[in-house]
Structures are given as structure tokens and as C-alpha cells.
Amino acid sequence: MNTSESLVEKFRSKSYKITPQRLGIFKILEGNLEHPSAENIFATIKKTYPTISFTTVYKTLDILEKMGEVLKITIDDERKHYDPNTSTHHHIICSECNKISDVDGESVNPVLPEGILKEFTPTRYHVSFYGTCRDCLSKQ
Ligand SMILES: [Zn+2]
Ligand SMILES: [Zn+2]
């Protein structure tokens, strides 16, 4: 997983500006296993930098995603979550409370049909399982 220092270096190497706000976003992501949404990150960074705009947060996350430094998990158009853990792993997503939990990469092994493998060589994959978590099931 990336540290905020390694993200600063990667941003610099691509000539992106490092602002205190951006560094703050990197620090929020560092070691974060909660799969925060852009809104969650915005709410947290606003406590330190009250004038920061949502666009700044979103743009920074977008750059990180394009650089492959965070994984974007899209539940639907309104709910985009970010995962700084870019190693192969998968997610179980509760459709009721939107809680996202990790599933170890080794435990899921999707196999593409041979016909497709002739046309396409996969280099990475990410599987999301949607359903209901135990907490939400017990409330039903
Ligand atoms: Zn739930
Ligand atoms: Zn994850």
C-alpha cells in the first residue's frame, strides 16, 4: 500500500503540484481500509482545510485512479468509493448500508472461457459481490 510520501513522489514525477490539501488527502488514504467515498474524504479534509472544494478532492482522487494508485469502486453513479490498497483483492458490498469489506485475492479465482483467452490476455481483475451484510440481515 502507498504511503503519503510515495504518493507525493509519484505526483511530482508526473509534474502534478503538491499542495497541503493534496498531501492531506494522501494522508487520509494512507493505510485506510474503510473504502471511503469521495464525500467521506471531503468531510474529513474539510476539518483541517475548511475552504477546500469538493472538486479539488475529486480531481486528486481521479488523478490517483488514473495513475493506478487507488482503486475506484463504483456502487452506482452517485456512490464512488476509493481503496488505496491496489494489490489483487476483491470486495463484498452491502446493498443496504454500502459497507465494503475486503476479500483476500487468493480466495476468488475467476476463470475466463478459453475462447476469450485466445483474444484477450488478462493482467488484473477485480470482483465485487453485492448482497446484504449480517448486520442488515438481522434488522430485516
Ligand atoms: Zn449492511
Ligand atoms: Zn479493498
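The buried residues of α2 are covered by elements that include α1, α3, α4 and β2 (79-83). Here helices (H or I, at least four residues) and strands (E, at least two) are DSSP runs numbered from the N terminus, and two residues are in contact if their C-beta atoms, placed from the backbone, lie within 7 Å. The structure is a predicted model, in which local features need pLDDT of at least 70 and side-chain atom pairs count only at pLDDT 80 or more, while totals for chains, interfaces and linings use all residues. Residues are numbered from 1 along each chain as its sequence is written, and chains are lettered from A and ligands numbered from 1 in the order in which they are written.

With that settled, the overall layout comes next. The protein has 6 helices and 5 strands, and along the sequence these follow the pattern α-α-α-α-β-β-β-β-α-β-α. Taken along the principal axes, the C-alpha atoms fill a box of roughly 50 × 45 × 25 Å. Of the 140 residues in the protein, 19% are buried; a residue is buried if 20 or more other C-beta atoms lie within 10 Å of its own, exposed if 12 or fewer, and partly exposed in between, with C-beta atoms placed from the backbone. Among contacts with a separation of 6 or more, 48% join residues 24 or more positions apart.

Back in α2, the buried residues are R22, G24, I25, F26, I28 and L29. Just after α2, G31 takes a positive phi of about 65°.

Two helix pairs can be described in more detail. The crossing of α3 and α4 is right-handed; a crossing is left-handed if the near helix is turned anticlockwise from the far one by less than a right angle, and right-handed if clockwise. On the α3 side A38, I41, F42 and I45 take part, and they meet F54, V57, Y58 and L61 of α4. By class, this contact has 8 nonpolar, no polar and no charged residues, where Ala, Val, Leu, Ile, Met, Phe, Trp, Tyr, Cys and Pro count as nonpolar, Asp, Glu, Lys and Arg as charged, and the others, Gly among them, as polar. In general, an α-helix has 3.6 residues a turn, so residues three or four places apart point the same way.

The second pair is α1 with α2, packed at an angle of about 135° with axes 9 Å apart. These two helices are therefore oblique to each other, and α1 passes α2 in a right-handed crossing. Their contact is made by S4, L7 and V8 of α1 together with L23, F26 and K27 of α2, which by class gives 4 nonpolar, 1 polar and 1 charged residues.

A few single residues complete the picture. S15, in the loop between α1 and α2, has a phi near 60°, a positive value in a residue other than glycine, and S15 counts as exposed because it has 6 C-beta neighbours inside 10 Å. N98 lies in the loop between β3 (89-94) and β4 (100-104); its phi is near 65°, again positive in a residue other than glycine. With 14 C-beta neighbours inside 10 Å, N98 counts as partly exposed. E65 belongs to helix α4 and is partly exposed, because it has 15 C-beta neighbours inside 10 Å. Leaving aside neighbours within four places in sequence, E65 is in contact with V70 and K72. E65 and D83 are 18 residues apart in sequence, and their C-alpha atoms are 9.5 Å apart in space.

Key:
Axes fitted to C-alpha atoms, helices over the stretch in contact; angles between N-to-C directions. Parallel < 35°, antiparallel > 145°, perpendicular 65-115°, else oblique.
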